[in-house]
Amino acid sequence: MNFGIPAFAFRLKDPAASGYSVYDVSDALRAFGWIVPAYPMPPDIEDINVLRIVVRNGFGRNLADCLLDDLAKVVKHLEEGTHLSNKTRTGFHH
């Protein structure tokens, strides 16, 4: 059975209004040990920038919950215009 590539891409709802970009989200997630690349789409839609998550074998509910929790923290900090402190930052942990 072929389920396709376990990956998805998403973008910010309104990047112009948010005050931050998918590149900021990607950088901030890296502080939590996540590698979530951000990049522009191909020609004809290159004005759209996305984040991409590829789910590896063994990625279970616990890691998914951690990713979503860290993503929520990152978005909150970016929306507040604050930076993650060194105390908040962690190394690679998964």
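Two strands are taken as paired if DSSP finds at least two bridges between them. The exercises below apply to a predicted model.

**Exercise 1. Determine which residue of strand 3 is the bridge partner of A7, and how the strands of the sheet are arranged.**

Solution.
1. A7 has V54 as its bridge partner in strand 3.
2. Strand 1 and strand 3 are joined by four bridges and run antiparallel. At least two bridges are required for pairing, so the two strands count as a pair.
3. The open sheet consists of three strands in the order 1-3-2, with antiparallel pairing.
4. Strand 1 (7-10) and strand 2 each have a single partner strand and stand at the edges, so one side of each lacks a neighbour in the sheet.
5. Helix 2 lies across strand 2 and strand 3, at about 35 degrees to strand 3.

**Exercise 2. Classify the aromatic pair of W34 and F59, and state whether each residue is buried or partly exposed.**

Solution.
1. The ring centres of W34 and F59 are 6.5 Å apart, with 70 degrees between the planes.
2. Angles over 60 degrees count as edge-to-face, so this pair is edge-to-face.
3. W34 lies in the loop between helix 2 (22-30) and strand 2 (38-40), whereas F59 lies in the loop between strand 3 (49-54) and helix 3 (61-80). The two residues are 25 apart in the chain.
4. W34 is buried because its relative accessibility is 6%, while F59, at 24%, is partly exposed.

**Exercise 3. Identify which element gives the largest share of the largest nonpolar core.**

Solution.
1. This core has 17 residues; W34 and V36 are among those that touch the most other members.
2. Helix 2, strand 3 and helix 3 each give two or more residues.
3. Helix 3 supplies the largest share, five residues.

How values were computed
Residues numbered from 1 in each chain as written. Predicted model: local features only at pLDDT ≥ 70, side-chain atom pairs only at ≥ 80, totals over all residues. Heavy atoms only, no water. Phe/Tyr/Trp six-rings, centres within 6.5 Å; stacked < 30°, edge-to-face > 60°. Buried < 20%, exposed > 50% of the residue type's maximum accessible area, 1.4 Å probe, protein only. Core = buried A, V, L, I, M, F, W, Y, C linked by side-chain atoms within 4.5 Å. Contact = heavy atoms within 4.5 Å. Axes fitted to C-alpha atoms, helices over the stretch in contact; angles between N-to-C directions.
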